[in-house]
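Me: I've got this one open on my screen and would like to go through a few spots with you. Can we take it one question at a time?

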Amino acid sequence: MFSTPFVLSFALLLSLPLLFHFAPRILPPKHLQISLPDELEDLALFRRAAAVALPRHHRPVSRLGTTNPKPKIAFLFLTNTDLYFAPLWDRFFSGHERLYNVYVHADPAAKVTDHGGGVFSGRFIAARRTERASPTLISSARRLFAAALLDDPLNSYFAVVSQHCIPLHSFQFTYRTLFTPPPVPTESTRKLTQFRYPTSYIEILSGEPQLWDRYNARGENIMLPEIPFDRFRIGSQFFTLTRKHALLVIKDRKLWRKFRLPCLNADSCYPEEHYFPTLLSMEDPNGCTHYTLTRVNWTDSTDGHPHTYRPPEVSPDLIRELRTSNSSYSYLFARKFSPDCLDPLMDLADKVIFRD
């Protein structure tokens, strides 16, 4: 018979293929994951928000007091640092208190300065740790949507921005852009009008070279059957959604079960860039523009991060350049700006940025 050492060595040799196959599934994931208690808490929050977030025409309307109150824009700030540009946003929102709401999800590790009664005061929601290239950025955005839906039935557009974002226009211009219906199409322009109003402004791209690796980042065929590869999309994580689509986001369970799974290939794992474009593309592609209103400069990008503007670059010409798109619309927001850009941006606020 074989000796014990020989049997053990032979068994170890046979187990090597199994070890290589299952090790990625056994070893702890490299990115921050969502615990079961946090997941259950989110589900309870989403159910409450979905229960009250009826369309406006389904809610009882008082015949007394204010009639036809104006819809609002909910600004959803995702941050893991201080809100560097709070003074600029204060100036942007000033005088329009009945037309907007602000909600902030700040990573608990972030040291956020108390800006003394500004628009961010008292607007922070219960937050958890977040990490780039992990499902935590998706879940934090979904919690912001839920908080805004629960808080005010007049919230009609939901703009996701970061601490590195700045406004490129006045609040009045931003509001008109979102809430002014497009002109009634004529026979000659009807084919060009492919999106419904109101529409969500979210980048939805297909055919990008990195899509296949990112689709398989959790393992081959893991996304099936819910998400075939030809339905997998990519886009910016900063976008503006209608109330209908905000509700769709918090009610989703099917796609979230796939995107919350840990990645085996961490180098190709950016779920926050895929979940929202894929969901909206699958559920309501004609209700989305397929482009975002947030300008990003990907030239000279570093480690997957876009170009960061520094104070010497801030000028009236830069603001005008960032507003310009390849189509008829104007960008409303831009990123990414370093914190020390605040002073030169404040110098341009009334003379350039908010002068529409």
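Me: Let's start with the helices. Which way does H10 cross H11, left-handed or right-handed?

Reply: Keep in mind that this is a predicted model. H10 covers residues 316-323 and H11 covers residues 342-353, and their axes sit 10 Å apart at an angle of about 65°. As for the hand, the crossing of H10 over H11 is right-handed.

Me: Which residues of H11 does H10 meet there, and how many of the residues in the contact are charged?

Reply: From H10 come Pro316, Ile319 and Arg323, and they meet Leu345, Leu348, Val352 and Ile353 in H11. Sorted by class, that contact has 6 nonpolar and no polar residues, and the charged count is 1.

Me: Now H2 and H7. At what angle do they pack, and what is the hand of the crossing?

Reply: H2 (residues 36-52) and H7 (residues 243-251) have axes 9 Å apart, at an angle of about 145°. Phe46, Ala49 and Ala50 of H2 make the contact with Leu247, Ile250 and Lys251 of H7. The class count here is 5 nonpolar, no polar and 1 charged. The crossing of H2 and H7 is left-handed.

Me: On to the rings. What kind of aromatic pair do tryptophan 212 and phenylalanine 229 form?

Reply: The count of aromatic pairs comes to 34. For tryptophan 212 and phenylalanine 229, the ring centres are 4.9 Å apart and the planes stand at 85°; planes over 60 degrees apart count that way, so the pair is edge-to-face.

Me: And phenylalanine 239 with phenylalanine 276: are these two buried or exposed?

Reply: Their rings form a tilted pair, 5.0 Å centre to centre with 50° between the planes. Phenylalanine 239 is in the loop between H6 and S6 while phenylalanine 276 is in helix H9, so the pair ties together parts 37 residues apart in sequence. Buried means under 20% relative accessible area. Phenylalanine 239 has 1% and phenylalanine 276 has 2%, so both count as buried.

Me: Last one, serine 156. Which residue's backbone oxygen lies 3.0 Å from a polar atom of its side chain?

Reply: Serine 156 is in strand S3, residues 155-162, and its 14% relative accessibility makes it buried. Leaving out residues up to four places away in sequence, serine 156 touches Pro71, Lys72, Phe179, Leu241, Thr242 and Arg243. The backbone oxygen at 3.0 Å from a polar atom of its side chain belongs to leucine 154.

Terms used:
Residues are numbered from 1 along each chain as its sequence is written. This is a predicted model: local features need pLDDT of at least 70, side-chain atom pairs count only at pLDDT 80 or more; totals for chains, interfaces and linings use all residues. Side-chain values use heavy atoms; hydrogens and water are left out. Helices (H or I, at least four residues) and strands (E, at least two) are DSSP runs, numbered from the N terminus. Buried means under 20% relative accessible area, exposed over 50%, partly exposed in between (1.4 Å probe, protein chains only). A polar contact is a pair of N or O atoms within 3.5 Å; within protein, one must be able to donate a hydrogen and the other to accept it, and residues adjacent in sequence count only if both atoms are side-chain atoms. Contact means heavy atoms within 4.5 Å. Axes are lines fitted to C-alpha atoms, for helices over the stretch in contact, and angles run from 0 to 180 degrees between N-to-C directions. A crossing is left-handed if the near helix is turned anticlockwise from the far one by less than a right angle, and right-handed if clockwise. Ala, Val, Leu, Ile, Met, Phe, Trp, Tyr, Cys and Pro count as nonpolar, Asp, Glu, Lys and Arg as charged, and the others, Gly among them, as polar. Rings of Phe, Tyr and Trp (its six-membered ring) pair if their centres lie within 6.5 Å; planes under 30 degrees apart count as stacked, over 60 as edge-to-face and the rest as tilted.
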